[in-house]
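Please walk me through this structure, one chain at a time.

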Amino acid sequence: MAEPAPNYTLDKAGEDKFTLNLGPQHPGTHGVLRVILQMDGEYIVRADPILGYGHRMQEKIAENMTYLQVMPYVCRMDYLGALSYNLAWCCAVEKLCGFEVPPRAEAVRVIATELNRISSHLLWWGAFLLDLGGFTPFLQAFADREMILDLLERITGSRLTYCYFRFGGLPSDVDEAWLAQVMEFIEGFRTRLPRYHDLVTTNVIYEHRVRNVGVILPFDAAGYGLSGPVLRGSGIGFDVRRHEPYSGYDRYDFTVPVDDMGDCMGRYNVRMEEIVQSLAIIEQAIGSIEEGPVRSKVPKILKPPEGEVAMAVETPRGQLVIHIVSDGTKKPYRVKFRVPSFANLSIFAKLARGQLLADALAVLGSMDLVIPEIDR
Amino acid sequence: MGAGSTVPPIIHFAQLEKVFNTARANSLWPLTFGLACCAIEMMSAAGPRFDLDRFGAGVFRATPRQADVMIVAGTVTEKMAPTVVRLYEQMPAPKWVIAMGNCAISGGPFKLDFNYNVVEGVERLIPVDVYVPGCPPRPEALVEAFLKLEEKLTGTRRFPEAPAIAREEG
Amino acid sequence: MMTGRFLARVLEKAGCACRELETPSPGFACQLEAQADEVVGLVRIIAANGFFLESISAVDRLKEKKMDGLYLFNHYEESQRLMIRIEMDRSNPVLPTISKIFPGALWYERELGEMFGIRVAGCPDTRNLLLEEDAKFHPLRKDFRGRA
């Protein structure tokens, strides 16, 4: 439940209890998160996350730049899933202005976004195992991730913070050679995926570290607004691509992976299965892509009509909602980014209570947070 | 030459210092200080393709007490600034700083007139030895930064510099 | 008009206490306007019908000297985005806390307090969330152009 603010100066934690500071610089690769822990030996009595070490004024910037100028900033909020943020911003503005996107552009957007999702999950896999103490999976994941980054670099020009989509479609077409390379990558990756399960999923030490650790019950989910694999690992199958389809996702046949256990292992299983489903979506998109234009006619200086719009998108972390209030000028009046990691982290204080410190770090890793997206 | 941004020693032993500097240049242990997007490129530089370990710099230490070089990778905010300075002061001399990415060099894309939270360049807080431009810089750029740092320490460069691509006139 | 059985149930129970917009904006199934003192009752009905809290934010309307508090809710079984808009006076914006119904609302209310200066009555934790602990300025207000 919502608790009053802790008073660190007067709060006498009691005998055998001490206050431990975790972060903002710590070897977990989530970014700059600080958690003040009150410990009883190895067990956590109270966890208090302190945010804001990466606050980069994104919402204020969005009010002072034109719609096109905001795009590079949006991609830097969640740098691992930058294409999904890019897609969300483009679709939001297209929804506001009523632009149509040609089907070929929609298919390429889906291919690029799903490749980005796979690369984000691979990095999460490596970093999660790094938090738990294993170094080999990190190298394995990065080797495969570099291949995806090569594919995306060929069409977007960047390795990390992509700013590829434009209002109305894509800036340039993709050629058949690239589509053939993506198919080749998918076939090769499918043969390498069992290696991931051999290395980690069936490992008895790993199982002891994550089974029954950080269990999130379904009735907590609505109170905190969870989404993404954190929610689907607890048995609720809510996926924006299924519930509010965008960019042609309703044309593809894929299952939304759900796991009932609610612990770190459940969230892990959901993400591994999502990688497999993303490969299937990319294959279907390439199989059904048709010739045609890749960008519809869009005015050079964009002045959307007055009003507001809400656009939801499924990023690798969960549900992103962009709410734009426009006053008819070329700069937005107010933009609100509802980021998935914000809600996912808010349940951490409740989960960490009574856990061992090492288990709390496993929980943080399994939630797949990107702190600059929380701090915006 | 080899003391980094700390006060150089009063007594110099010429030959011994050459040995020390070469040893230091070949085993620069970085501090994991990834703040934002550049952290991912720093991790990629330590990854299998752009291996930093072959230059002796692959042992990332989480604690500043055991680190030689601090790679400031990402945006430094006003809230984070005291932490950056504290970590720098906790590192034992000789120590060096690499400012990676546009945000660490000058505030990058966040250098705006209504800026209320971003420190415009980490050089306002701590002395910087090598600047790596890019948003984010490629991992090869970070490798080049380490080569430049080695050149600053020892005076010689491990690999020859890549020839500049000739500009076309007109 | 909105569809969806959960949303219909919510509006039936809420009665005519709040005004509903005829044509909701794209992305919303329903947009309600309410007063600050009606919020807690409305949110209790919404929570009882299984909606989850998407976000709490605000819009600063400098010209009309008003500030809008926006509550966004959605449902896990069918995607029905519901927005409640609370119009407040810009000189003294006050909202009641809903953190006793939705625990996740606490962080959103802390952010509203520091970014807009909106006082959330009854909020158990009013520390700054993203800015420094001793920061007293409100960045997302329209008349803020940088620290002095």
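In what order do the four strands of the open sheet in chain B stand? The order is E1-E2-E3-E4, and the pairing is parallel; two strands pair if DSSP finds at least two bridges between them. Helices (H or I, at least four residues) and strands (E, at least two) are DSSP runs, numbered from the N terminus. The model is a predicted one, in which local features need pLDDT of at least 70 and side-chain atom pairs count only at pLDDT 80 or more, while totals for chains, interfaces and linings use all residues. Residues are numbered from 1 along each chain as its sequence is written, and chains are lettered from A and ligands numbered from 1 in the order in which they are written.

At the edges of the four-stranded sheet of chain B are strand E1 (30–31) and strand E4 (130–132), each of which pairs on one side only. E1(B) runs parallel to strand E2 (residues 69–73) of chain B and is joined to it by two bridges. Opposite B:Pro30 stands B:Val69 in E2(B). Helix H5 (residues 139–154) of chain B lies across E2, strand E3 (96–100) and E4 of that chain, and runs at about 165° to E4(B). Axes here are lines fitted to C-alpha atoms, for helices over the stretch in contact, and angles run from 0 to 180 degrees between N-to-C directions.

Chain B also supplies the residues with the most contacts inside the largest nonpolar core: B:Val72, B:Ile98 and B:Met100, in a core of 203 residues. A nonpolar core is a set of buried Ala, Val, Leu, Ile, Met, Phe, Trp, Tyr and Cys residues joined through C-beta atoms within 7 Å. A residue is buried if 20 or more other C-beta atoms lie within 10 Å of its own, exposed if 12 or fewer, and partly exposed in between, with C-beta atoms placed from the backbone. Leaving aside neighbours within four places in sequence, the contacts of B:Met100 include B:Cys38, B:Ile71, B:Val132 and B:Leu142; residues are in contact if their C-beta atoms, placed from the backbone, lie within 7 Å.

Chain A has an open sheet of three strands in the order E4-E5-E6, with antiparallel pairing. Strand E4 (307–315) and strand E6 (334–338) of chain A each have a single partner strand, so one side of each is without a neighbour in the sheet. Five bridges join strand E5 (residues 318–326) of chain A to E6(A), and A:Val325 has A:Arg334 as its bridge partner.

Chain A also meets chain C, with 36 residues of chain A in contact with 32 residues of chain C. E4(A) gives the largest share of the side of chain A that touches chain C, five residues.

Chain C itself has three helices and seven strands. Ten of the eleven residues of its strand E3 (residues 51–61) are buried, so E3(C) is largely enclosed by the rest of the structure. E3(C) pairs with strand E4 (residues 66–75) of chain C in the antiparallel sense over ten bridges, and C:Leu72 is the bridge partner of C:Ser55. Four residues lie between the strands of this hairpin, where C:Lys65 takes a positive phi near 60°.

Notes. Contact = placed C-beta atoms within 7 Å.
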